Amino acid sequence: MSADHLPSEFEVLIVGTGLPESIIAAACSRIGQKVLHVDRSAYYGGNWASFTFSGLLSWIEEHKHEACNKDEMKEWKDKIHEDEEAILLNTVDKTITNVEVFCFASQDSEDNIQEEGALQLKHDSSFTAAGTEGRFSGSSKDCHGQQIQATVTNTVESSASEDPVRSDSQASAQETDDASSTQEENHGNMCSTESEKQEAGVTEQVSECTYEKKRQKITYSQIVKEGRRFNVDLTSKLLYAKGSLVDLLIKSNVSRYAEFKNATRILTYQNGKVEQVPCSRADVFASKQLTVVEKRMLMKFLTFCMDYQQHPEEYLDFKDHTFVEFLKMKKLTANLQHFVHHSISMVSETDKTTEGLRATQNFLQCLGRYGNTPFLFPLYGNGEIPQCFCRMCAVFGGIYCLRHAVQCLVVDKETKRCKAVIDTSGMRISCKHFIVEDSYVADEQRKSVQHRQISRAVLITDKSLLKAESDQQISLVTVPPLEPGRPAVRIVELCSSSMTSMQGTYLVHLTCPSSGTAKEDLSLVVSRLFSENVDADEKDADSGVEKPSVLWALYFNMRDSSVAERSSYNLPSNVYVCSGPDSTLGSDHSIKQAESIFGQLFPDEEFCPPAPNPEDIIYDGDGAEAENAGFGAPLGPEHNKPEEGAVPEQENEKAMTETTEKNTTVTPVSLATCNDSTEEQDTE
């Protein structure tokens, strides 16, 4: 909605569209609260967002220099009454630092490098830059080279730019006019795409060796042209099959707005090579990495972990010891200790025994619910999940306004409660409850907030870390500390069928807690597992296996505010702060935080009750209602359209493929198709 037409009073005002804020918005709207949800960026998700390649380039540009426009800070003092005071908020994002970009793909001589279909709206509502096409598309390859070189040589602290990234769904009418003027060019691109698809079909029939060589010749211009096939997450997460996020998606019926794929394998780095981790019963007995004795030892230990609470005598004496020490006490071999510690429990070296047992039990309980691993990944990236909850909020009357910053909170001097906000256009909006994402809180309002940092890297590579019969694999890889003092690194490798990369490439996410800059923390792992020389067929010194080549790489640090308590902020009692993404693999902290805040706001209301299906709604009155009127009262045709930035609803859920226990292919997963009986059978 346009900021000029916003109502002046709401019951709940939420600033930021990250995952916890979006969940709270959906929960409040679902129980009938009047919700206004705003974000200073032009895309949904904040630090949880996903970008196309061109959108990511614009995001990088934003965080290369500060862009605080002081001219926007106007008229707010005139809106403050004598019995009120103002608390200023941040209008720019300062949570991203040390952004560095490297391009290893060859720079061909083709001019007018442009993302194919860049001006066409995409059904998955991925984010792209309105200014990206204008800034990059008309440029030669030399312009790209200068952009990358400038970013490579500078480590810069970030803040938002004056021209933020705009999502495709928020494109203006002027963009539409521009699209019509380039229709012939887009038509040519579409024809070229069809030709490439036919060539790809022929390529599949040639020898594997020829295909490997062809994949190594991917150029930077190809990446840019196919940029809309990329969906790059700022935050790398997977969903535990029985985790709190999956349970919430099913309970609230929000799961129908998205599709998921099962992670097909779990890998680890050990003895200088990447190996597959046996985690299910079938994997253990089929493994060639384990001896017969190790298989029995591992099965016995995993059986104990499934109900370790029933055998306190086995672990209580070691509850004050680390989980690593407990594994040694169990006399597991070094090989088994590595698998259990780094790839199954995935706890740190300092975590206690009970924490390790709890994590191992959770891993085992999630096995078999949707596939042969405990994890799911959302199609088109993790940025789809906040959008799904935003859509639910909008369906029940929530109002969204992107690219809309809030200047300050208006606080009553007597009651010390926040009563309104003033946005950057000088409009005063009254409200009862306020939820603010951590990055919006100014430093002056932080008492003793201790933030951690997350080191992130995003790589585009030409092949998988571990060759398999199918090249469509979604893999979770754990790399233990390679040197003393370095953290363990988690890697999520995504294939093209996850709708996050172009065909013939893999999108690789690396994450670890920060001890320095992202480049310093992750460069050693990248050099061990990948080759940064595209033209050379570099092989691993230990295994002799050819390494994947890095075509393009991005490094950055992200603030982790999950450790901050509410008492750490000097804010009114009716202002609640949501943290950004943390460094863990799941999203349990965000779900718990959202549920906790909602419970404080409305203690007598159910958190995210199930939304009715449109076909189940019974309307009052004798008149016939529109078939797709939505929820509640019938709506007109314009209201029936999916709101901007949301994922289109799956109208025919029967078309979604249900996975089985032994499924090893990457096929869409419907969360609603799993029942309790299959869960118990698969767990066994």
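A residue counts as buried under 20% relative accessible area, as exposed over 50%, and as partly exposed in between. The structure described here is a predicted model. Its chain holds 19 helices and 24 strands, and 56% of its 684 residues count as buried.

- Met499 sits in the loop that joins β20 (489–494) to β21 (506–513), and its phi is positive, near 65 degrees, although the residue is not a glycine.
- Arg403 is likewise a residue other than glycine with a positive phi, here of about 50 degrees.
- The loop between β13 (399–401) and β14 (406–412) contains Arg403.
- The relative accessible area of Arg403 is 41%, so this residue is partly exposed.

**The chain as a whole**

- The accessible surface of the chain amounts to about 29,500 Å², and carbon and sulfur atoms contribute 47% of that area.
- Among the contacts in the chain with a separation of 6 or more, 77% involve residues 24 or more positions apart.

**Helix α1 and its two helical partners**

- Two packed helices are described by the angle between their axes and the distance between the axes.
- Helix α1 (residues 19–30) packs against helix α17 (residues 588–601) at an angle of about 40 degrees, and the two axes are 9 Å apart.
- Angles under 35 degrees count as roughly parallel and those from 65 to 115 as roughly perpendicular; α1 and α17 are therefore oblique to each other.
- The crossing of α1 past α17 is right-handed.
- On the α1 side this contact is made by Leu19, Pro20, Ile23, Ile24, Ala27 and Cys28, and on the α17 side by Ser590, Ile591, Gln593, Ala594, Ile597, Phe598 and Leu601.
- With helix α15 (residues 384–395), α1 forms an angle of about 20 degrees, at an axis separation of 8 Å.
- This pair, α1 and α15, is therefore roughly parallel.
- The α1 and α15 helices cross in a left-handed sense.
- Leu19, Ser22, Ile23, Ala25, Ala26 and Ser29 of α1 make the contact with Ile385, Pro386, Phe389, Cys390, Met392 and Cys393 of α15.

- Gly18 lies in the loop between β1 (12–15) and α1.
- Its relative accessibility is 3%, so Gly18 counts as buried.
- Leaving aside residues up to four places away in sequence, Gly18 touches Gly45, Trp48 and Pro386.
- The C-alpha atoms of Gly18 and Gly45 are 4.4 Å apart, while the two residues are 27 residues apart in sequence.

- The buried residues of α15 are Glu384, Ile385, Pro386, Gln387, Cys388, Phe389, Cys390, Arg391, Met392 and Cys393.
- These buried residues pack against α1, β2 (35–38), α9 (244–252), β9 (260–262), β12 (375–378) and β13.

- Thr353, Gly356, Leu357, Thr360, Gln361, Phe363, Leu364 and Cys366 are buried in α14.
- Gly368, which follows α14, has a positive phi near 85 degrees.
- Phe304 belongs to helix α11 (residues 292–306); at a relative accessible area of 9%, Phe304 is buried.
- Phe304 touches His311, Glu314, Tyr315, Phe326, Lys330 and Leu357, not counting residues up to four places away in sequence.
- Leu357, one of the residues touched by Phe304, is among the buried residues of α14.
- Between Phe304 and Gln361 the C-alpha to C-alpha distance is 9.2 Å, at a sequence separation of 57 residues.

Terms used:
Residues are numbered from 1 along each chain as its sequence is written. This is a predicted model: local features need pLDDT of at least 70, side-chain atom pairs count only at pLDDT 80 or more; totals for chains, interfaces and linings use all residues. Side-chain values use heavy atoms; hydrogens and water are left out. Buried means under 20% relative accessible area, exposed over 50%, partly exposed in between (1.4 Å probe, protein chains only). Helices (H or I, at least four residues) and strands (E, at least two) are DSSP runs, numbered from the N terminus. Contact means heavy atoms within 4.5 Å. Accessible areas come from the Shrake-Rupley method with a 1.4 Å probe; for residues, only the protein chains shown count as cover. Axes are lines fitted to C-alpha atoms, for helices over the stretch in contact, and angles run from 0 to 180 degrees between N-to-C directions. Angles under 35 degrees count as roughly parallel, over 145 as roughly antiparallel, 65 to 115 as roughly perpendicular and the rest as oblique. A crossing is left-handed if the near helix is turned anticlockwise from the far one by less than a right angle, and right-handed if clockwise.
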